[in-house]
Amino acid sequence: MNDTDFERLAAYTRQFTGFSKEMESVLNGLSEQILPHLPDVTDSFYSVLLEIPKARPFLDGRIDSLKQTHIRWLEQVFSGPFDVEYTKHMYQVGDVHVKVGLPVEFMAGAMTLVSTRITELLGEIFQDDSVQLKQSIAAVNAILGYTLMVMQQSYESSRLAEELEKFLKITGMSRTLFDNLASAYK
Amino acid sequence: MREDMLTSILSDLNGSSADIEASAVISTDGLIMSALLPANLDEDRVGAMSAAMLSLGDRTATELSRGELEMVLIRGSQGYVIMTHAGPEAVVSVQAKSTAKLGLIFLDVKRAAAAISKLI
């Protein structure tokens, strides 16, 4: 994927999730209050994952480094920038997930866990300010939805690429032959 | 020049039996080098499909311990498609009528493939 494709993907994903510039400002405005709580969000996230037997093989022996990466990502969620580079980075994260063989449902499941925990946190922070609470939850949902969509796009492409590689290996076809065959049936 | 020579070999092949309806020389990547095909057949499809079938034939022969692939034969209700290598870089694909005497056709196809492999 080139930069133009990422710009297109970013625009498409914003349109879908409704993630706006105003929401970016809301997220940036939350950072001071929410950053101190992010390690707890990450801990709570991984403690749930550790209870899921299918998830354990992906966590064993890597939990500390995974937590660090997770916190770094959460910090970015509340600081931005949400530009093409962010889209590209999240696309690569999806790609890495495919390479380690992570089942596709893990991404949506994991994002739901994060969303639930952050919503609880926002509820505690803004218990006396329902307007701010509503705006904050909407912005968090939008950026998490945006991130999930980008990762799933990458997941789909990487999955197809992997399956194609397997098909080519099994059939003995070269990539060029496959491309010629595909273009003959366009 | 080389294309003319390939076409000449195909022309001889098509002329060797009234049962041969079409033939083509294709790169192993599926691109047509030379072809004598009826107008209703798409050259790109014949090329890519033939090379793909032969590639799969190679793999099947190896996987099922059948030794080196000699040819791939497809028999349909309207006739045959015969594909074989012409050296390491090319494929010959021939279409024949359902009434064709295959022994003679195989011989002619082998001869044509040998001549083509010397040219490529």
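In the predicted model, strand S4 (residues 79–85) of chain B is joined by six bridges to strand S5 (residues 90–96) of chain B, and the two run antiparallel. Strands pair here if DSSP finds at least two bridges between them. Helices (H or I, at least four residues) and strands (E, at least two) are DSSP runs, numbered from the N terminus. Tyr80(B) has Ala96(B) in S5(B) as its bridge partner. Helix H3 (residues 102–119) of chain B packs on the sheet and touches S1, S4 and S5 of chain B; the direction of this helix makes about 150° with that of S5(B). Contact requires that the C-beta atoms of two residues, placed from the backbone, lie within 7 Å. Axes are lines fitted to C-alpha atoms, for helices over the stretch in contact, and angles run from 0 to 180 degrees between N-to-C directions.

Residues are numbered from 1 along each chain as its sequence is written, and chains are lettered from A and ligands numbered from 1 in the order in which they are written. Because the model is predicted, local features need pLDDT of at least 70 and side-chain atom pairs count only at pLDDT 80 or more, whereas totals for chains, interfaces and linings use all residues.

The open sheet of chain B consists of five strands in the order S2-S1-S5-S4-S3, with antiparallel pairing. Strand S2 (32–36) and strand S3 (72–76) of chain B stand at the edges with a single partner strand each, so one side of each has no neighbour in the sheet. From one strand to the next, the twist averages 10°. S1(B) and S2(B) pair in the antiparallel sense over four bridges, and Val25(B) stands opposite Ser34(B) in S2(B). The hairpin of S1(B) and S2(B) has four residues between the strands, and Gly30(B) there takes a positive phi near 95°. Helix H2 (residues 43–63) of chain B lies across strand S1 (20–27), S2, S3, S4 and S5 of chain B, at about 75° to S1(B).

Overall, chain B contains three helices and five strands, which follow one another from the N terminus as α-β-β-α-β-β-β-α. Of its 120 residues, 38% are buried. A residue is buried if 20 or more other C-beta atoms lie within 10 Å of its own, exposed if 12 or fewer, and partly exposed in between, with C-beta atoms placed from the backbone. Among contacts in chain B between residues at least 6 apart in sequence, 50% join residues at least 24 apart.

The contact between the chains takes ten residues from chain A and 14 residues from chain B. On the side of chain B that touches chain A, six residues are nonpolar, two polar and six charged.

In chain A, helix H3 (residues 38–50) has 13 residues and reaches 18 Å from its first C-alpha to its last, close to the 18 Å expected at 1.5 Å a residue; the expected span is 1.5 Å times one less than the number of residues. Leu38(A), Val41(A), Thr42(A) and Phe45(A) are the buried residues of H3(A). They cover an arc of only 95° around the axis, and therefore lie on the same side of H3(A). The arc is that of the directions from the helix axis to the C-beta atoms. Asp40(A) and Ser47(A), on the other side of H3(A), are exposed. The cover over the buried residues of H3(A) includes helix H2 (21–34), helix H5 (63–77) and helix H7 (105–125) of chain A.

Definitions and conventions: Ala, Val, Leu, Ile, Met, Phe, Trp, Tyr, Cys and Pro count as nonpolar, Asp, Glu, Lys and Arg as charged, and the others, Gly among them, as polar.
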